[in-house]
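Here are my notes on the model you sent over. Have it open while you read, and go point by point.

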Amino acid sequence: MVTERAREFDTQDLLINVGPQHPSTHGVFRMVLEVDGELVKDVIPYIGYLHRGAEKLCETMDYRQGIGFMDRTEYLAAFNAELSYVMAVEELAGLEVPERAQWIRMILCELNRLSSHFMFLGAFGVDTGVMGTPFIYGWREREMLIDLFEEISGDRMMYAYFRPGGLAWDVTRNFKERVREVIKSSAQGIKDFDGLFTENEIFVARTKGIGYISAEDAIDYGMSGPSIRASGVPLDVRRDEPYLKYSEVDFQVVTGQHGDVFDRYACRLQEMRESIKIIEQCLDKMADTGPIMPEKMPRMLRTPPGEVYMRTEAPRGEYGIYLVSNGGNRPYRLKVRSACLSNLQALKQMSVGLYVADAILVLGSIDIVLSEVDR
Amino acid sequence: MKGIARSLMTTLSTFSRKPVTRDYPNVHKPLPERDRAFPLLLWDQDIDEPFCTGCHACERACPVECMTVLMKDNPNHKTVGGTSTRRKIIDKFWIDYARCMRCNICVEVCNFDAIAMNNTWTGHEMSVHDRKDLVIDLQGLLAQSRAGAIKEWVPVLGQTNE
């Protein structure tokens, strides 16, 4: 009977090109879907549209000049990208960062995680088909955070604020009050998204049970960040290999159970609440005044020969910098280990067998930033 | 059904919020003091000449090589009957704003506090039709500071609040 029907309707698989100029691919990512009717049979991703050679460029720059390029590898969480880089340089040069600078770095990185996740929530809302509303909600909350970053560092996205050894200059005098004000509005924003999505039957029906990946597969693909934690793997660099002052604050590693799209969303939402908790603890423990740079800094920083791999927990996962020095004032080799590239490898396994609209949702749930994938 | 009702309530509750948007071209957001637009040169109002001596420090430190600097002997120096103590002074200076990535390094390395990031709206609204028009010469770079239309913020590396 089935064979007869197949003969009656002579079907063939169709290749659909999604991107690179498509709003749902979150940047210039192109994927070719092989579809059988509405079902995805194969996914062929194409990357490299945003490749600028940042790693190679940094080899011609001294350590201070490289900071600006690190911003541009991860434009939604530039503080985290800078942090990995300057910490790798500090590790090589043996610089001791003053305590207050570490607290400030930690607060800014967590605030950056909030702003990045707000961006995710907004864009993910659009992916699920809720046009406009959640995107503008996310934008609104992110704007408050970005205004704060602008007051401190002077720029809205490409901060260039961390330096090997500490910070470029001190934070504003009303820093603590401003941060408290902003995280209060962020907490309200998280509540808004919680009310908008978490129990919404349409949203749950749309996201539960699709894009499944098991813990074993997620580990095999080298995923990290909220994408792997949603599969139930409690992997968090902040807890496993504490950098800055993360060993002195109390926070939970949020994990999911099902490893589906909804869990990846829920993990991020819960993680934002943890971030707010971390920021509050940091504000209590941070001194009001104090040095932010070591007392004796050379005019031109040189590092002894050696190599170092420094990893930090960026909003999308493990952001690592592998730095080799041959004793000069610039890296001999710089390699960026980006979380998005590894997370993206699992895209095919997660989306084969789903409908086309769900494949878009799976891509959205990984929360890719293409500048980080291509560098 | 309960979830959808809750979701709609969330949307409804935003009706009572104050709007956060602005009528942009008509209403400008006040910029913070540290705001970074493109770099410009500062004018020494006391002696009536630029602070810049053309020492090439910023040119060498610029990661994207967007600057070109040429110096000359100062015609206003004390040894030739002038009022200035600057032996050398800037002759020609170009910054290609299209290349600049606003990293603030030129401000950090300047020994004479002669360069600063523009923290006014003029530094942000400078769209032109031709990319060549974004190469600004010395007169253009000095104009705003010479007219006293900027309150610059020149940080020292590692400066604290004390």
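1. Start just past helix 4 of chain B: B:Gly148 there has a positive phi, about 70 degrees. Helices here are DSSP runs of H or I with at least four residues, strands are runs of E with at least two, and both are numbered from the N terminus. Bear in mind that this is a predicted model, where local features need pLDDT of at least 70, side-chain atom pairs count only at pLDDT 80 or more, and totals for chains, interfaces and linings use all residues. Residues are numbered from 1 along each chain as its sequence is written, while chains are lettered from A and ligands numbered from 1 in the order in which they are written.

2. Now the helix itself, residues 138-146: its buried residues are B:Leu141, B:Leu142 and B:Ser145. (Buried is 20 or more other C-beta atoms within 10 Å of the residue's own, exposed is 12 or fewer, partly exposed is in between, with C-beta atoms placed from the backbone.) Seen down the axis of helix 4 of chain B, they fall within an arc of 85 degrees, so they line one face of the helix; the arc is that of the directions from the helix axis to the C-beta atoms. Their cover includes strand 5 (88-96) and strand 7 (135-136) of chain B.

3. Two residues in chain A also deserve a look. Most residues other than glycine have a negative phi. A:Asp367, however, has a positive phi near 60 degrees. A:Asp367 sits in the loop between helix 15 (356-366) and helix 16 (370-374) of chain A, and is buried, with 27 other C-beta atoms within 10 Å. A:Arg375, in the segment after helix 16 of chain A, has a positive phi of about 60 degrees and counts as buried with 23 C-beta neighbours inside 10 Å.

4. Which residues join helix 4 of chain A to helix 5 of chain A? A:Phe79, A:Asn80 and A:Leu83 in helix 4 meet A:Arg105, A:Leu108, A:Cys109 and A:Asn112 in helix 5. (Contact is C-beta atoms, placed from the backbone, within 7 Å.)

5. On to the interface: 28 residues of chain B and 29 residues of chain A take part in the contact. On the chain B side, helix 1 (residues 2-13) gives the most, with 8 residues.

6. As for confidence, the predictor gives the complex an ipTM of 0.86 and a pTM of 0.88. Chain B averages a pLDDT (the predictor's confidence in each residue, from 0 to 100) of 86, and 99% of its residues score at least 70.

Note on methods. Two residues are in contact if their C-beta atoms, placed from the backbone, lie within 7 Å.
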